[in-house]
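This briefing is meant for a reader who is meeting the structure for the first time.

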Amino acid sequence: MRKWMLALAVTGALGTAAGTAQANEVAVLDWQQALLDTTSAQQSMNQLKNQLGSQPQQVKALGEEVQKLQQRLQSNGDVMSDSERQNVMQQLRQKGGQFQQQRGQLEQKRAQQEQAFLKQARPKLDRAIEQVVKRHNVDVLVDRNSVIYAGDALDLTQEVTKTFNSLN
């Protein structure tokens, strides 16, 4: 009986809260996508590509070499001589270590560039969101990625991107 009464009370409270929420304007925003689609983000990504040069291709090639060595050891390891197997294993350790190190450096550079961009762009993004929210009289703005379903009419992502691009 207590559980039933508690369930009834919770249902009533949720119904009241839902009724209140319906009176407010609700919208969704994928702020990460809005930011990624801006011209500033595109410029930042191009700048990073230019700074990295051929490093991503070198890291990829090194990773492919590591995979080939692993496959060679796996498929032919039992028919190799001990010295040949030791040689392949040594190459694998060496190239694997280089791959991990270079990939880590590359990821660190990317993360630093992203953090620098976010730090610089965040105030402008906040202003763009504020303008769009005021324009649409939005009382509740929810992260698009936290919502199971929202109609396209509720999504302000593209408009925030356009507003961000228009800010000086």
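A residue is called buried when its relative accessible area is under 20%, exposed when that area is over 50%, and partly exposed in between, with a 1.4 Å probe and protein chains only. This is a predicted model, in which local features need pLDDT of at least 70 and side-chain atom pairs count only at pLDDT 80 or more, while totals for chains, interfaces and linings use all residues. Residues are numbered from 1 along each chain as its sequence is written, and side-chain values use heavy atoms, with hydrogens and water left out.

**Overall fold**

- The secondary structure consists of 6 helices and 2 strands, where helices (H or I, at least four residues) and strands (E, at least two) are DSSP runs numbered from the N terminus.
- Followed along the sequence, these elements give the pattern α-β-α-α-α-α-β-α.
- The protein has 168 residues, of which 26% count as buried.
- Contact here means heavy atoms within 4.5 Å, and among the contacts between residues at least 6 apart in sequence, 80% join residues at least 24 apart.

**Nonpolar cores**

- A nonpolar core is a set of buried Ala, Val, Leu, Ile, Met, Phe, Trp, Tyr and Cys residues joined through side-chain atoms within 4.5 Å.
- The largest such core has 17 residues, and the members that touch the most others are Leu35, Leu125, Ile129, Leu156, Val160 and Phe164.
- At least two residues of this core come from each of strand S1 (26–29), helix H2 (31–36), helix H5 (82–135) and helix H6 (157–166), and H5 gives the most, with 7 residues.
- When neighbours within four places in sequence are left aside, Leu35 is in contact with Ala41, Phe117, Leu118, Ala121, Leu125 and Phe164.
- Another core lies apart from this one and has 12 residues, among them Val59, Leu69, Val88 and Leu106.

**The largest pocket**

- On a 1 Å grid over the protein atoms alone, a pocket is an open set of points where a 1.4 Å probe fits, with protein on both sides within 12 Å along at least five of seven lines, and lining residues have an atom within 4 Å of a point.
- The largest pocket has a volume of about 390 Å³, a volume being the space filled by probe spheres set on the points, which are joined across faces, edges and corners.
- Its lining is made of 18 residues, and those closest to the centre are Leu36, Met45, Leu48, Arg110 and Glu114.
- Two or more lining residues come from each of H2, helix H3 (39–52), helix H4 (55–76) and H5, with H3 giving the most, at 6 residues.
- By class the lining has 10 nonpolar, 5 polar and 3 charged residues, where Ala, Val, Leu, Ile, Met, Phe, Trp, Tyr, Cys and Pro count as nonpolar, Asp, Glu, Lys and Arg as charged, and the others, Gly among them, as polar.

**Salt bridges**

- A search of the whole structure finds 8 salt bridges, each being a side-chain nitrogen of Lys or Arg within 4 Å of a carboxyl oxygen of Asp or Glu.
- Glu65 and Lys95 form one of them, with their closest N and O atoms 3.0 Å apart, and this pair links distant parts of the chain, Glu65 in helix H4 and Lys95 in helix H5, 30 residues apart.
- Glu65 is partly exposed at 34% relative accessibility, and Lys95 is also partly exposed, at 23%.
- Glu159 and Arg135 meet in a salt bridge at 2.5 Å, N to O, which again links distant parts of the chain, Glu159 in helix H6 and Arg135 in helix H5, 24 residues apart.
- Glu107 and Arg110 form a salt bridge with their closest N and O atoms 3.1 Å apart, and both lie in helix H5, 3 residues apart, about one turn of the helix.

**The loop between H5 and S2**

- His136 is found in the loop between H5 and strand S2 (140–143) and is partly exposed, with a relative accessible area of 33%.
- Although His136 and Ala27 are 109 residues apart in sequence, their C-alpha atoms are 9.0 Å apart in space.
- Neighbours within four places in sequence aside, His136 is in contact with Glu25, Leu156 and Glu159.
- Asn137 lies in the loop between H5 and S2 as well, is exposed with a relative accessible area of 54%, and has a positive phi of about 55° although it is not a glycine.
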